[in-house]
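Here are my notes for you to read with the model open beside them. Take the points one at a time and look up each spot as you go.

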Amino acid sequence: MTQRARRGAFTLDAAVHAAASAARAAWWTAAGRATRALVRPTRGEQAKAFEPTTPPVSMKRLRAAYFSAFEKDARDVAAGLYPARPIDVDPAQAFRQAADVLSDARAVDTRRRAGSGAEVRDVSDSKAYPTYYRQNFHYQTGGWFTADSARRYEAQVEALFSGAAGAMRRRALSLLARAWRGRDHRGLAILDLACGSGGFLKDLKATFPRARIMGLDLSPTYAVRARDAAGAPVAQANAERLPFADASLDAVSCIYLFHELPPRVRPKVAAEIARVLKPGGVLAFADSVQPADEPDLARLLEAFPAFFHEPYYASYAKTGLSGLFDRVGLEPCGQDKAFLTKALVFTRR
Ligand SMILES: C[S@@+](CC[C@H](N)C(=O)[O-])C[C@H]1O[C@@H](n2cnc3c(N)ncnc32)[C@H](O)[C@@H]1O
């Protein structure tokens, strides 16, 4: 294919990708609004107790941040960094997923009002899992333990972020694809750490079809879900003790894990990532933006742990991530952000 033809194909891909993203964004914005209207999370005791210290967020600023996620995503498809997402819009499935999120919303709200976040210990109080893990993160029904939770997770995240979750995660994909541009991917081993139900694993597989892609998650039900969704091997294991030999992986991606880890566990997981990466290997990291990255959006970040069960988010918001990874031998070499997510890329010294 000539360079011109290739550019044309990328532009067409980007247009298709942007159209599919717009449909997804509209759908999940509507589903998210319906869910919030049903349970009104900003009313009631918690709202009264929430005393913000940061200024309100301007809607114009919020909208600009939101659209930046889609703009960057389409730009990277057009640049050939990663392929357009397949048009897998299935209206019946989209209705089912939204109905599922809505039907669970009242249960989530009941737990939110009770404010304990530990109801999941009725489902699994197994000592095989660390205590910090046996909580209802986001007040999610079943915590990380049930098949229903794993099935519902991706739709809940999309409803929360108005359809921008995939585009935000792909900031990390963009950094990894840039770091590896022009490189032969055959035989490279990539681990998606804390892969959840497999959304990002699918993106990795589509972008690096010749690489060896694996996932890992501590949840047995999420691990099964991710394996089935992405068609990749997924290990069920704790990120604090990765079942991989020293210097055995070429890249690790890690999306939205660190804000859910207690402060004492973050350095352990960072050290494990550094241990399993080869010298020159890459960590592609993405998680919530921190208030210092987005002072204009700080009110939203302050509200998040006030309205959701996010016991470690406030400490995450103050964590110096570059220093955390630098101390274990991972050198910061790039960053990006979109809407409420920041992505960082590190190289193993
Ligand atoms: C917010 S979800 C993020 C999932 C996925 N990476 C994404 O982009 O949506 C956090 C995930 O981290 C997993 N997790 C939490 N603590 C873990 C640990 N110590 N070891 C492995 N996985 C863990 C949870 O089971 C859950 O799937």
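1. Start with strand β1, residues 189-193: five of its five residues are buried, so to speak mostly covered. Buried means under 20% relative accessible area, while exposed is over 50% and partly exposed lies in between, using a 1.4 Å probe and protein chains only. Strands here are DSSP runs of E with at least two residues, helices are runs of H or I with at least four, and both are numbered from the N terminus.

2. A bit of housekeeping: this is a predicted model, where local features need pLDDT of at least 70 and side-chain atom pairs count only at pLDDT 80 or more, while totals for chains, interfaces and linings use all residues. Residues are numbered from 1 along each chain as its sequence is written, and side-chain values use heavy atoms, with hydrogens and water left out.

3. Which way do the side chains of β1 point? Ala-189, Leu-191 and Leu-193 go one way, Ile-190 and Asp-192 go the other, and all are buried. In a regular strand, side chains alternate between the two faces of the sheet.

4. Now look at the partners of β1. Strand β2 (residues 212-217) runs parallel to β1 and is joined to it by five bridges; two strands pair if DSSP finds at least two bridges between them. Ile-190 sits opposite Ile-213 in β2. Strand β4 (residues 249-255) is also parallel to β1, with four bridges, and there Asp-192 has Ser-253 as its bridge partner.

5. Follow the chain from β1 through helix α7 (residues 199-207) to β2 and you trace a right-handed β-α-β unit. Right-handed means that, with the strands pointing away from you, the path from the first strand over the helix to the second runs clockwise.

6. Two residues deserve a look for their backbone angles. Most residues other than glycine have a negative phi. Ala-194, in the loop between β1 and α7, has a positive phi near 60°. Tyr-139 is not a glycine either, yet its phi is positive at about 70°. Tyr-139 lies in the loop between α4 (91-114) and α5 (147-160), and counts as buried because its relative accessibility is 4%.

7. Finally, find helices α3 (residues 59-78) and α6 (residues 165-179), whose axes come within 9 Å and cross at roughly 35°. Axes are lines fitted to C-alpha atoms, for helices over the stretch in contact, and angles run from 0 to 180 degrees between N-to-C directions.
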